[in-house]
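Here are my notes on the model, as numbered points. Have the structure open while you go through them.

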Amino acid sequence: MARPSKCSAEFRSDAIAWWRASDGRRRFRAVAADLNVNPETLRTWVRDAHRSAVASGASQDSEAELARLRGRTRGRPRPSRNGGSSGRSCAGHPPKLSLAA
């Protein structure tokens, strides 16, 4: 059985919100240092919060958005992975041809 946390639920939720507000610009280590907690503890809190949000159905909005976007792209030709028949690469530049001697 895990020991009870030294931090309150309010502190944990604030810490998770603080990390999410960084929007990926800061690492767990930097945010955890600001909050004076172990980086792995913060990582665990964020991971558990994400799992509980997914389990509770909070991702239904994102699933609906994905379905809407998939519907918009249905029927459009998909780009091939090897450059396709257009002769252009992903960057829009013509592919480099190797001249065999």
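1. A word on burial before anything else: buried means under 20% relative accessible area, exposed means over 50%, and partly exposed is in between (1.4 Å probe, protein chains only). On that scale, buried residues make up 12% of the 101 residues in the protein.

2. Some ground rules. This is a predicted model, where local features need pLDDT of at least 70 and side-chain atom pairs count only at pLDDT 80 or more, while totals for chains, interfaces and linings use all residues. Residues are numbered from 1 along each chain as its sequence is written, and side-chain values use heavy atoms, with hydrogens and water left out.

3. On the fold, I get four helices and zero strands, with the pattern α-α-α-α along the sequence. These elements are DSSP runs numbered from the N terminus (helices: H or I, at least four residues; strands: E, at least two). Taking contact as heavy atoms within 4.5 Å, 35% of the contacts between residues at least 6 apart in sequence join residues at least 24 apart.

4. Now look at H1 (residues 9–21) against H2 (residues 28–35): they pack at an angle of about 140°, with their axes 10 Å apart. That makes H1 oblique to H2; the classes are under 35 degrees for roughly parallel, over 145 for roughly antiparallel, 65 to 115 for roughly perpendicular, and oblique for the rest. Axes here are lines fitted to C-alpha atoms, for helices over the stretch in contact, and angles run from 0 to 180 degrees between N-to-C directions. The crossing of H1 and H2 is right-handed (the near helix is turned clockwise from the far one by less than a right angle).

5. Who meets whom? From H1 it's Phe11, Ala15, Trp18 and Trp19, and from H2 it's Phe28, Val31, Asp34 and Leu35. Those contact residues split into seven nonpolar, no polar and one charged. In this scheme Ala, Val, Leu, Ile, Met, Phe, Trp, Tyr, Cys and Pro are nonpolar, Asp, Glu, Lys and Arg are charged, and the others, Gly among them, are polar.

6. How many aromatic pairs does a search of the whole structure find? Two, where rings of Phe, Tyr and Trp (its six-membered ring) pair if their centres lie within 6.5 Å, with planes under 30 degrees apart stacked, over 60 edge-to-face and the rest tilted. Phe11 and Trp45 are edge-to-face, 6.1 Å centre to centre with 85° between the planes. Phe11 sits in H1 and Trp45 in helix H3 (residues 39–55), so the pair ties together parts 34 residues apart in sequence. Phe11 is partly exposed at 27% relative accessibility, whereas Trp45 is buried at 11%.

7. The other pair, Trp19 with Phe28, is stacked: 4.5 Å centre to centre, 0° between the planes. Both Trp19 and Phe28 are buried.
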